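Please have the sequence and the model open while reading.

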Amino acid sequence: MNYVFSDRVQTLKPSAIREIFKYAADPAVVSLSAGNPAPEAFPAKEIAEISAEIFRSHPIDALQYGLTEGYTPLRDYLTSYMKEKHNIGRSFDNLIIMSGAQQVMDLLSKSVLNEGDTVLCEAPSFIGSLNTFRSYRAHLRGVPVEPDGMNMDALETALKEEKNVKFIYTIPNFQNPTGVTMSAEKRRRMYELAKKYGVLILEDNPYGDIRFAGEHIEAIKSLDEDGIVVYAGTFSKVISPGIRVGYCIAPQPIIQKMVVCKQGEDVHTTIWSQMICYEFMTKYNYEAHLERLRSIYRKKAKLATDAMDQYLSPKISYLPIEGGLFFWCTLPEGTDAAEFSKQAVLRKVCVVPGNAFLTDENEKCSSFRINYTTPTDENLVKGIQILGKVADEIL
């Protein structure tokens with residue numbers, strides 16, 4: 001059989017991170033390549049209690065079809081919570097529950113992108129979102145990321161030069177992969193630029209609740225008085241990625257189109273998972289849970305920075321972080337991080353080379369991403385120590 005694939009998917013490549021997972025499955029390998037929450041961060045006991053109660057009291061509700069827009073108690077509670085806690089949501093906005101925040105990227109793309117339209121995104125940026133935009137045959141233009149977020153002068157240049165920009169994609173808090181946080185000034189500037197040039201902003205905020213240092217900065221969506229920001233949130237990093245519950249807050253006309261598109265994808269997000277999120281937020285101490293997560297990640301991040309200072313410096317530098325799951329490490333100028341990552345794999349340590357996060361994956365990059373949350377403390381230090389030895393051998 002000669003399989004003929006659609007034009008949309010013919011040029012797509014497997015996620016580099018997912019490919020690296022194949023190596024990481026070896027128990028002898030120290031994986032610093034994942035993007036997973038720390039195992040000790042999962043509220044497994046509470047989820048077991050909630051699930052047992054759901055199936056005692058409301059089994060059919062959990063197992064039956066539900067509304068495409070989402071489980072009504074969760075939608076109503078999240079709408080109030082996001083407005084009161086983060087000043088997100090206006091009278092023109094609505095909220096839909098998604099099967100993880102990744103579905104927000106897909107359904108917005110399906111709703112607004114035509115072939116050849118442009119998406120402006122941070123360079124580097126999250127590979128899962130980049131591949132989604134590619135699947136709709138969008139033109140991707142990267143805008144450099146600085147230690148305080150996207151370069152706004154470069155963003156305006158791109159907005160002037162590209163004639164069919166549909167939206168700007170940004171991860172303003174503890175960005176994946178660099179870990180940097182966009183300043184309040186740059187958030188305001190991005191909003192004004194989007195308004196000036198008549199484009200949307202897709203604000204992806206999976207890590208915002210995992211701030212363990214520094215001062216809170218308001219979301220771009222909190223500035224939205226003009227209906228130009230689409231906000232993607234998720235429970236993946238604060239409750240569980242496996243339950244696949246995210247949400248989108250956006251102007252009603254956009255939500256209406258996304259609802260129709262979602263009906264053709266998965267009908268609705270799993271009701272049982274949505275009920276778990278609602279019960280966890282309303283019947284357990286959710287804010288105390290978030291503080292526990294911050295404590296876990298503050299300690300592990302300190303362990304990682306101490307190890308990097310000891311074993312990687314001065315050949316490998318890294319950007320400081322105030323939250324999130326990742327460190328962005330940079331080799332001496334001219335060094336190919338892809339080759340460095342291959343050498344690290346041979347020594348049983350997995351990291352993700354920076355070119356995997358670029359709009360052009362063939363472009364050379366001297367940086368790589370480390371995840372510090374998934375490995376045990378012992379393996380975290382061991383993996384960083386091995387990376388230092390690789391640097392000593394080949395640099």
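The model is predicted. Strand β2 covers residues 93–98, and strand β9 covers residues 246–251.

**Strands β2 and β9**

- Of the 6 residues in strand β2, 5 are buried, so the strand is mostly covered, given that buried means under 20% relative accessible area.
- Strand β2 pairs with strand β9 in the antiparallel sense, and the pairing runs over 6 bridges.
- One of the residues involved is D93, whose bridge partner in β9 is P251.

- With neighbours within four places in sequence set aside, T170 touches E122, M182, M190, I201, L202, E203, D204 and I220.

**Cis peptide bonds**

- Most peptide bonds are trans.
- The bond from A123 to P124 is cis, and its omega is near 10 degrees.
- P124 sits in the loop that runs between β3 (118–123) and α7 (127–135).
- A cis peptide bond also joins S313 to P314, with omega near 5 degrees.
- P314 is placed in the loop between α12 (286–311) and β10 (317–318).

**Positive phi angles**

- Most residues other than glycine have a negative phi.
- F174 is not a glycine, yet its phi is positive, at about 50 degrees.
- The loop between β6 and α9 (184–197) contains F174.
- F174 counts as buried because its relative accessibility is 1%, and the cut-off for buried is under 20%.
- K348 is likewise a residue other than glycine with a positive phi, in this case near 70 degrees.
- K348 is located in the loop between α13 (337–346) and β12 (349–350).
- The relative accessible area of K348 is 37%, so K348 is partly exposed.

**Points to locate in the model**

- Which strand pairs with β2 in the antiparallel sense? The partner is strand β9.
- Is F174 buried or exposed? F174 is buried, at 1% relative accessibility.
- Where is P314 found? P314 lies in the loop between α12 and β10.

Terms used. Residues numbered from 1 in each chain as written. Predicted model: local features only at pLDDT ≥ 70, side-chain atom pairs only at ≥ 80, totals over all residues. Heavy atoms only, no water. Contact = heavy atoms within 4.5 Å. Helix = DSSP H or I, 4+ residues; strand = E, 2+ residues; numbered from the N terminus. Buried < 20%, exposed > 50% of the residue type's maximum accessible area, 1.4 Å probe, protein only. Pairing = 2+ DSSP bridges.
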